[in-house]
Amino acid sequence: MEESIFYINIISDFYGIGFCIVGLIIVFVWGSIIGNIRMSTAVAFGMNITAIGANLVYVFLQGNTSPYALPILLIARYVEFSAWYFMAFVFAQYVIDRLSSVGSSTRFKWAVWGYIILVTFLLDVAQFNGMYYYFDSNNVFHIGKFYPLSQVLSLSVLVISVLIILYHRKKFPPFEILIYLLVFALSSTAITLQIFIHNIPFISIALTFAMIVLFVMVFIVQVRSKNRSEKSLAAMQLLLAESQIQPHFLYNSLVAIKQLCKENPQSAADAIDDFSSYLRGNMDALSCDHCIPIETEISHVKHYFALEKRRFGDRVELKIDLEADSFDVPPLTVQPLVENAVKYGVLQKTDGVRVTVRTFCDEAGSYVEITDDGNGFDTEVHKSDGKKHLGLAMVGERLKTMAHGKIDIKSTIGEGTVITVFVPKKAGE
């Protein structure tokens with residue numbers, strides 16, 4: 001019987017380590033798993049390898065009466081239990097990250113850190129009073145009086161994690177909810193069996209299988225998200241084309257250039273340069289699926305504004321303050337915002353509008369702030385007023401899809417508007 005248990009441990013442990021190593025390689029090679037979810041997945045594989053490795057040490061050394069055996073056995077058991085606890089923590093952290101990715105927040109993270117402190121303290125205490133486990137004089141493992149508590153602590157975190165997922169179930173596709181329930185069923189069953197049959201690594205076996213299921217699910221979620229982003233980007237490109245082809249602006253610019261040809265040929269030539277650069281920038285943006293340097297976008301803004309300046313003269317002014325210039329933004333991020341400020345400012349104010357574009361950065365990322373002294377607008381109304389603020393909506397969507405950024409709008413009627421574009425730092429920056 002003992003020999004059978006020994007081989008069950010060996011086979012299951014080597015199987016688990018093999019899969020986790022392959023999983024780790026895939027996680028770091030395939031870049032579609034990104035951000036915190038990627039790190040959570042990698043840490044989970046690493047901790048499972050650690051737990052299984054510690055169990056292998058225990059299996060080979062248990063009953064060995066050599067002087068060095070007992071300290072190694074104690075360390076191996078401590079590491080194995082710690083890894084199990086930490087994997088429960090990683091699953092809870094994955095749940096928190098997943099909720100964040102769908103726009104939900106939870107205070108569960110503070111409870112998770114409390115859990116880590118509690119289980120670590122109890123496990124440390126257990127090393128001295130044997131309440132979880134102890135080794136006899138022959139270095140044979142025995143469970144202590146409070147051994148079930150050591151397993152229930154992990155189970156409680158899984159229960160809370162799944163309850164939170166079920167509470168926010170409307171934010172997730174049905175198949176994902178089923179995966180979480182399957183993982184919970186596997187883990188809870190293994191933990192329960194481990195309480196009564198402690199010499200077979202049910203938890204390691206269940207966790208390895210659960211990680212296979214979760215790993216596949218993460219890939220499916222990432223692929224679906226990528227496909228949605230590509231479809232969303234394609235739809236936005238069409239909307240962008242529609243919004244940027246403005247007959248009135250093109251007609252007015254050509255009329256102004258025609259007039260300059262008679263009055264000031266050199267100024268007309270400069271206007272044609274700005275006009276062609278403006279059109280080229282718009283056309284390039286329609287086929288561009290990646291971010292561009294902020295300096296390139298600002299150059300496009302200058303060409304656009306030069307044309308408007310020739311039409312409206314002193315009624316429009318532009319100030320550019322580049323405190324930061326080493327970051328990228330989606331094409332046509334700043335120019336449509338400046339265009340909105342000019343268009344509505346000139347139409348609504350007899351004395352025109354002043355626009356300021358400022359860039360800066362901090363530890364979180366980079367910012368572009370577009371400020372105008374126009375009449376402002378009701379930020380709640382603009383969310384549902386159709387095409388009037390289509391440019392704002394498109395900038396926000398493109399920013400989110402292409403750069404994981406966001407746009408913040410603050411406007412006061414009668415005073416003006418401040419629009420802040422935020423682009424987070426990339427990993428490694």
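A residue counts as buried when its relative accessible area is under 20%, as exposed when that area is over 50%, and as partly exposed in between. The legends below apply these classes to a predicted model.

**Figure 1. Overview of the predicted protein chain.** The model is predicted, and its protein chain contains twelve helices and nine strands. Of the 429 residues in the protein chain, 46% are buried. Six salt bridges are present in the structure.

**Figure 2. Salt bridge between Arg310 and Asp274.** The side chains of Arg310 and Asp274 form a salt bridge, with an N to O distance of 3.0 Å. This pair links distant parts of the chain, since Arg310 belongs to helix α10 (residues 294-312) and Asp274 to helix α9 (residues 265-286), 36 residues apart. Asp274 has a relative accessible area of 12% and is therefore buried. Arg310, at a relative accessible area of 33%, is partly exposed.

**Figure 3. Salt bridge between Glu308 and Arg311 within helix α10.** A salt bridge joins the side chains of Glu308 and Arg311 at 3.0 Å, N to O. Because these two residues are three residues apart in helix α10, about one helical turn separates Glu308 from Arg311. Glu308 is buried, its relative accessible area being 5%. Arg311 counts as partly exposed, at 30% relative accessibility.

**Figure 4. Salt bridge between Glu80 and Arg77 within helix α3.** The side chains of Glu80 and Arg77 meet in a salt bridge of 2.5 Å, N to O. Both residues lie in helix α3 (residues 69-101), and because they are three residues apart there, about one helical turn separates them. Glu80 and Arg77 are each buried. In general, side chains of opposite charge can pair when their charged atoms come close.

**Figure 5. Salt-bridge network of Glu323, Arg358 and Glu369.** A network of salt bridges links Glu323, Arg358 and Glu369.

Figure 6. Five strands form an open sheet with mixed pairing, in the order β4-β6-β7-β9-β8. The edge positions are taken by β4 (316-322) and β8 (406-412); each has a single partner strand, so one side of each is left without a neighbour in the sheet. On average, neighbouring strands of this sheet are turned by 10° against each other, direction ignored. Helix α10 lies across β4, β6 and β7 (365-372), and runs at about 165° to β4.

**Figure 7. Parallel pairing of β4 and β6.** Strand β4 and strand β6 (residues 353-361) run parallel and are joined by seven bridges. Val316 has Val353 of β6 as its bridge partner. In general, strands of a sheet pair through backbone hydrogen bonds, either parallel or antiparallel.

Figure 8. Asn48 is located in helix α2 (residues 35-61). At 0% relative accessibility, Asn48 counts as buried. Not counting residues up to four places away in sequence, Asn48 touches Cys20, Met87, Ser204, Leu207, Thr208 and Met211. The C-alpha atoms of Asn48 and Phe86 are 9.5 Å apart in space, while the two residues are 38 residues apart in sequence.

Figure 9. When neighbours within four places in sequence are left aside, the contacts of Leu56 are Ile10, Asp13, Phe14 and Ile17. A separation of 8.8 Å is found between the C-alpha atoms of Leu56 and Phe14, which are 42 residues apart along the chain.

**Figure 10. Nonpolar surface patch of Ile21, Ile25 and Val29.** On the surface, Ile21, Ile25 and Val29 form a nonpolar patch. Together these residues have about 300 Å² of accessible area. Ile25 has its place in helix α1 (residues 2-29).

Key. Residues numbered from 1 in each chain as written. Predicted model: local features only at pLDDT ≥ 70, side-chain atom pairs only at ≥ 80, totals over all residues. Heavy atoms only, no water. Helix = DSSP H or I, 4+ residues; strand = E, 2+ residues; numbered from the N terminus. Buried < 20%, exposed > 50% of the residue type's maximum accessible area, 1.4 Å probe, protein only. Salt bridge = Lys/Arg side-chain N within 4 Å of Asp/Glu carboxyl O. Pairing = 2+ DSSP bridges. Axes fitted to C-alpha atoms, helices over the stretch in contact; angles between N-to-C directions. Contact = heavy atoms within 4.5 Å. Patch = residues over 30% accessible without salt bridge, like charges linked within 9 Å, V, L, I, M, F, W, Y side chains within 5 Å. Areas by Shrake-Rupley, 256 points an atom, 1.4 Å probe, with all protein chains shown as cover.
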